Every structure is written in C-alpha cells, then in structure tokens.
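These are notes for a colleague who has not looked at this protein before. Please read them with the model open.

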Amino acid sequence: LEAYGGIVTAFLNDTQLNPLKTIDDWVGGVSQKMEAVVTKDDRYGVFLSHQGIKSDGYGGQSSAMKINVSLVKQIYEDKLLFSGNEPVPVFFDNDSMVAGDHQIKAMLFSAYASDQIIAFMDNDFFTKKWCLMEYFLAKHGRGTLRPFLVDSPYAPVLPQDTVYDEVAKDLKAATSGRFLQTLQNYFIERNREDYSSRVLSVEV
C-alpha cells in the first residue's frame, strides 16, 4: 500500500491535471497498478460515489446529498440479494470502513474493484478531484459505471464519452423498481463468498 501512498496527494495537489482527458489518462495508469494488488476484500457489490458535503449558498455547508445517498444505501441493503439470499455489500464512505482500514485503499481500491458503481453527479461533482478519481477509477475498473445526474438535467462539464445508464433530476430513479430489478438480476447469479468480508453488520 505504501507504494501508492502518494497517489491521492499528487492527484489533489497537481493543478496541471487538466483537462479531464489528462486526468482520465493519468488515473488509467494508476488503475493498471491497482489491478495487480486489489483483492476480494476490495470488491463490493455496489459502490456509491457522490459529492457529500457542499456549500448551501449561504456561507454554510449542506449534507443533504450525503443523507439522501445513505437512504439509497439502506434500500440496496434491504432489497439486493445474492443467489443464496445473502444481502449484497454496499460501500458508502466511512460507513463502510472497519477498524484498521486505510482510507485511500478502502475507498479508491473499492471504486476500482466493485461490480456496480453508482455515481450521483450534481453540478459540483466534476469540480471535486476526489469524485473525479472515483469516477475514472470506476471507468477503468472491473465493474459497470452507472451515472445519475442529480439536481439538473445536465452537468456543466462532463467527459465526452460518458454513457448514461440513467438521467434523473433526483435520486429516485436509483431506487425505482425497474432499476432495482436490473441490479437484482445481476446479483442473483452471483455468490456472496466472492465479495468483501470486511462489511459492517447490517441491523435488521
């Protein structure tokens, strides 16, 4: 892990990583190195990517997005099952980390290794380099990137090759019956033992 200790620092501090194509190429090189070291414990069924804390427009901060995405996580944990009826593990920020986790590895390796990456993209998403790194690691990674547009029918700056699975003005489409069925059809053919065991217990 120490060999990748400077990845996030370099990414957050390098103001020359523009335009997005440059970032895409750079993260693509990083992802090739990750492929050699990710393990089963980095693989979650669903990885939720979002810009959690943002300005409320009045000099303060709003956590509304984080709260809404946490509700999506609860629905996925309740509804999505593997072939043996076990709940599908969902990665959501610090909520999904256990004692001893290294934040860089836990978040970014899982963005690369997880099966379904649900990205909730609002107008701030592509201004945050942490969100950018998750997005491009998912794009170059092992899973399927499923972007949702939130708060606006379009975002001001998007990669030209972004293919939208869903476009929505809110998070409801991510928990619609049709979309949940799409995810369930995928996981019902898969086995729980192939995924991370480092998951916090879900209270029933």
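1. Basis. This is a predicted model, in which local features need pLDDT of at least 70 and side-chain atom pairs count only at pLDDT 80 or more, while totals for chains, interfaces and linings use all residues. Residues are numbered from 1 along each chain as its sequence is written, and side-chain values use heavy atoms, with hydrogens and water left out.

2. Layout. The protein has six helices and six strands, taken as DSSP runs (helices H or I, at least four residues; strands E, at least two) and numbered from the N terminus. Along the sequence they follow the order α-α-β-β-β-α-β-α-β-α-β-α.

3. Of the 204 residues, 46% are buried, where buried means under 20% relative accessible area, exposed over 50%, and partly exposed in between (1.4 Å probe, protein chains only). Among contacts (heavy atoms within 4.5 Å) with a separation of 6 or more, 70% are between residues 24 or more positions apart.

4. Surface. The protein exposes about 10200 Å², and carbon and sulfur atoms supply 50% of that area. Accessible areas come from the Shrake-Rupley method with a 1.4 Å probe; for residues, only the protein chains shown count as cover.

5. Cores. A nonpolar core is a set of buried Ala, Val, Leu, Ile, Met, Phe, Trp, Tyr and Cys residues joined through side-chain atoms within 4.5 Å. The largest one has 29 residues, of which M34, M121, F125, Y135 and L137 touch the most other members. Two or more residues each come from α2 (20-35), α4 (103-113), β5 (116-121), α5 (129-140) and β6 (144-149). A second, separate core holds 23 residues, including F82, V88, F179 and L183.

6. Helix α6. Which residues of α6 (residues 177-187) are buried? They are F179, L180, L183, Q184 and F187. Viewed down the helix axis, these fall within an arc of 135°, so they line one face of α6; the arc is that of the directions from the helix axis to the C-beta atoms. G177 and R178, on the other side, are exposed. The cover over the buried residues includes β1 (46-50), α3 (64-79), β5 and β6.

7. Residue A113. A113 lies in helix α4 and is buried, at a relative accessible area of 1%. Apart from neighbours within four places in sequence, A113 is in contact with V38, D42, R43 and R142. Its C-alpha atom is 9.9 Å from that of Y195, 82 residues away along the chain.
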